[in-house]
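Q: Could we go through this structure together? Please start with one of the helices.

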Amino acid sequence: MTAVFAKVGAQGIARTPIALAELADAILKQAKTNASNGSHAWGTPTPARPGEGPAQISGTLVRSLARTNVARTATGAEVRVGTQPGMAPPYGRTPSSKYGSYLENGLKNGAKYPFLTTAFAFGVHVAAPAIYRKAYGEGWKQL
């Protein structure tokens, strides 16, 4: 019995990075879609409504979205999805990472234009069950 559990554990450890990479890719794709809710010129009103994803101005926010490679940790593995540091739009100096945070957490007027948190929710509730069934087998029913 110990050998069976050891084999199952080893397979889980081997498959986890593959599943995490697929999940991160699904979240990243959805975040880029969410951050592309129409477009407008800098200095003009946004066509996006609060509670929806932001509209593009220069596309810097969308281009700055990326994921890290899956890394082994003491407790398993991790991958991060979000904005890359150091990317700024051509019309200003505010980096996309800071601007993205403002959009997610609220602008000065209180309006929020979430794109990353909604992508994470999509990944966890919609994409993950299918990815996990593919990686770990049909016995995996839900997250």
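A: In this predicted model, the buried residues of helix 4 are Ala-119, Gly-123, Val-124, Ala-127, Ala-128, Pro-129, Ile-131, Tyr-132 and Ala-135. Buried means under 20% relative accessible area, exposed over 50%, partly exposed in between (1.4 Å probe, protein chains only). Helices (H or I, at least four residues) and strands (E, at least two) are DSSP runs, numbered from the N terminus.

Q: Where does helix 4 bend, and by how much?
A: Helix 4, residues 116-136, bends by about 55 degrees at Ala-127. Pro-129, a proline, follows within four residues. The bend at a residue is the angle between axes fitted to the seven residues ending there and the seven starting there.

Q: Which residue follows helix 4?
A: Gly-137 does, with a positive phi near 110 degrees.

Q: Changing topic: is Ser-64 buried or exposed?
A: Ser-64, in helix 2 (residues 60-64), is buried, its relative accessible area being 0%.

Q: What does Ser-64 contact beyond its neighbours within four places in sequence?
A: Ser-64 is in contact (heavy atoms within 4.5 Å) with Gly-82, Thr-83, Gln-84, Met-87 and Ser-96.

Q: Which conventions apply?
A: Residues are numbered from 1 along each chain as its sequence is written, and side-chain values use heavy atoms, leaving out hydrogens and water. Local features need pLDDT of at least 70, side-chain atom pairs count only at pLDDT 80 or more, and totals for chains, interfaces and linings use all residues.
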